[in-house]
Every structure is written in structure tokens, then in C-alpha cells.
Amino acid sequence: MGLCNGVWNRRAPELRPLPKTVMPIQDELLSGWLTRLAIANYCDVVDLLAHVGVDYRYAVSLDFGLEAGAAEKIAMAARVTPELIQSLTFPTLNDTEAALTARFPFQACPNCTPRSFTLKHWRRAWVFDCQICGAMLTSTLPKLGKGVLPQKLLQHARTGSVLLEQAVIQNSIRQIRRAMRGASFAMALKNVSGDPASALQSFNPDIRLFCLAAIAVVQKRPLLKAALFATGIDDFARVALLRTYQNEDRLLVTINRIGRQIENRRHASRSNTIERT
Ligand SMILES: [Zn+2]
């Protein structure tokens with residue numbers, strides 16, 4: 001209720017600004033900044049969103065699109081501009097970017113996360129290192145990331161991530177298709193089902209890094225690599241490979257031919273070794 005021209009009118013209660021505000025850092029994600037804002041005001045994000053009148057159930061999706069009204073409410077409470085709030089969300093993504101941008105945090109920075117920072121680029125499947133401190137990003141499920149990863153795998157994975165980034169930035173259909181083929185081969189070898197974009201955002205570093213590494217590996221002589229993968233794989237992996245090449249019969253025939261040649265050569269060298277011993 002408010003007094004207007006001497007008459008009490010019913011109106012929406014005014015939103016009180018929060019006692020403390022925090023300024024976003026470069027590339028900070030809205031959900032991460034809201035968490036820091038809540039910590040600064042001794043509450044949690046659910047309470048904070050309830051205070052400003054935004055449904056907390058949409059907290060995760062806020063990063064991917066925020067209604068103007070909600071942005072205004074948050075801005076008013078935090079004493080910043082609605083434009084600043086909107087800049088913390090992802091801009092409109094094309095189909096490839098959307099497929100390769102995680103809805104949930106699958107990796108984080110070992111240095112920046114303890115400082116309560118959550119950055120946008122960590123959600124990108126092609127990002128390997130933290131752009132703020134330079135540390136290699138690690139899985140948000142530490143149990144899955146405990147093993148020591150071979151240096152060679154890490155080197156290839158880093159190269160693969162750069163190639164994937166270039167493909168996405170240039171929006172090159174040919175490069176993206178080649179990268180996804182590489183990831184599909186890796187999935188076939190690891191007996192992982194699903195689509196390559198999801199495998200590249202896997203919480204399991206063994207799967208994610210293997211897929212990124214495969215992107216780098218298939219750049220040179222991709223058919224030969226595919227054929228190498230095709231030899232000595234089980235039926236599940238063969239189906240995955242067939243699915244990768246389902247619309248390209250000619251390539252599939254070539255891969256099978258090279259695969260058979262490799263298999264024959266292996267048999268021949270094995271027989272020679274047995275004869276010699
Ligand atoms: Zn960092």
C-alpha cells in the first residue's frame with residue numbers, strides 16, 4: 001500500500017537494493033556472479049532470487065537467456081545496469097556453438113574456482129586452459145579426474161581443442177564435420193555411445209581428452225587413421241564407425257579396403273615372426 005494524493009493505493013512493494021554489491025570480472029557467467037553476490041550478502045542464490053522475485057528453478061537457464069524484466073529486477077537489487085546483467089549471459093549461439101556449449105559446468109579452473117569465479121569460456125567444449133590464469137581446466141567431478149594423464153595425450157588434446165575452436169569460429173562445415181568424425185572414432189574406441197558434441201563435454205577427462213586428441217590426429221591422412229581404428233574393433237565400435245560414414249559409401253569402401261590391407265600386413269608380419277622363432 002502507498003499514499004498517493006492523500007489516497008492509499010495498492011501497488012507492488014518496492015524492491016530494496018541489497019546491502020552489498022560485487023562487480024563482475026571479465027567473462028564472468030551470470031550464475032557465477034549471482035553466487036558471489038549472494039555470498040557477499042550472507043545468503044544463498046535461492047534466497048537472493050526470491051528477494052528480487054525471479055523463480056530460482058530457472059537459475060541454470062538464466063545463463064542462456066534472461067527476460068528483460070528479470071534483468072531489471074536483478075540490476076536494481078545489485079545497483080548495476082540491466083545491460084551489465086545481460087552481458088553476463090551467453091549471446092545468441094548458432095547451432096554448432098550451442099551443441100558445443102555446456103548447459104552445466106563440466107570443467108573448472110583449479111585456481112579460479114576456489115576464488116568463487118565461474119567463467120563463460122569454461123563451458124565451451126573447445127576450451128582447454130583457463131584464459132584468466134592459464135591453468136589447465138579440470139573435471140568438475142574430481143573422482144573422474146584423479147588418474148595421471150599421459151603427456152602425449154594432453155599435447156594432442158590441446159592441439160585438437162585449438163582446431164575445434166578454429167572450426168567453430170570460422171563456422172566451417174567441412175572442418176566441423178572432420179572434427180566430429182575424429183571425436184566419433186575416439187568414441188568408437190572407448191565404447192562410448194551418444195553424440196560427439198556430448199562426449200567432448202564429458203565429465204570424464206579420459207573420454208573428453210581422447211576425443212579432442214582424435215580431432216588432432218585425424219587431420220593428417222584421416223582415411224588411414226579411420227582404417228586403423230576400423231581394424232581390431234568390436235561390433236559396437238564398427239556400428240559407430242558406419243554411422244559416422246553412413247552417407248558416404250565411397251569413403252566407407254575405401255576405409256574397409258585400407259583396413260583389410262593393414263590387417264593382412266599384420267598377419268603376414270606375425271607369421272614371419274613365428275617362423276623365425
Ligand atoms: Zn583460472
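Colleague: Which residues does Ala167 touch, not counting residues up to four places away in sequence?

Modeller: A word on the ground rules: this is a predicted model, where local features need a pLDDT of at least 70 and side-chain atom pairs count only at pLDDT 80 or more, while totals for chains, interfaces and linings use all residues. Numbering starts from 1 along each chain as its sequence is written. Touching, or being in contact, is when the C-beta atoms of two residues, placed from the backbone, lie within 7 Å. On that basis, the partners of Ala167 are Ser172, Gln175, Ile176 and Ala179.

Colleague: Is Ala167 buried or exposed?

Modeller: Ala167 sits in helix 6 (helices are DSSP runs of H or I with at least four residues, strands are E runs of at least two, and both are numbered from the N terminus). A residue with 20 or more other C-beta atoms within 10 Å of its own is buried, one with 12 or fewer is exposed, and anything in between is partly exposed, with C-beta atoms placed from the backbone. Ala167 has 22 such atoms within 10 Å, so it counts as buried.

Colleague: How far apart in space are Ser172 and Thr96, C-alpha to C-alpha?

Modeller: Ser172 is in the loop between helix 6 and helix 7, and is partly exposed, with 14 other C-beta atoms within 10 Å. Thr96 also has a C-alpha separation of 9.7 Å from Ala167, although those two are 71 residues apart along the chain. Ser172 and Thr96 are 76 residues apart in sequence, and in space the value is 10.0 Å.

Colleague: Back to helix 6. Are helix 6 and helix 9 roughly parallel or roughly perpendicular to each other?

Modeller: Helix 6 (residues 151–169) and helix 9 (residues 205–217) pack at about 70°, with axes 7 Å apart. The axes are lines fitted to C-alpha atoms, for helices over the stretch in contact, and angles between N-to-C directions run from 0 to 180 degrees. Under 35 degrees is roughly parallel, over 145 roughly antiparallel, 65 to 115 roughly perpendicular, and the rest oblique. Helix 6 and helix 9 are therefore roughly perpendicular.

Colleague: Which residues of helix 9 make that contact with helix 6?

Modeller: On the helix 6 side, the list includes Leu153, Leu154, His156, Leu163 and Leu164. Helix 9 contributes Leu209, Leu212, Ala213, Ala214, Ile215, Ala216 and Val217.

Colleague: Which residues does Phe90 touch, not counting residues up to four places away in sequence?

Modeller: Phe90 is in the loop between helix 4 (82–87) and helix 5 (95–99), and is partly exposed, with 16 other C-beta atoms within 10 Å. Phe64 is 26 residues away from Phe90 in sequence but 5.3 Å away in space, C-alpha to C-alpha. The contacts of Phe90 are Asp63, Phe64, Thr101 and Lys120.

Colleague: What is phi of Tyr42 near?

Modeller: Most residues other than glycine have a negative phi. Tyr42, an exposed residue with 9 other C-beta atoms within 10 Å, is in the loop between helix 1 and helix 2. Its phi is positive, near 55°.

Colleague: Last one: over which residues is the pLDDT below 50?

Modeller: pLDDT is the predictor's confidence in each residue, from 0 to 100. The protein's mean is 83, with 77% of its residues at 70 or more. The pLDDT is below 50 over residues 1–12.
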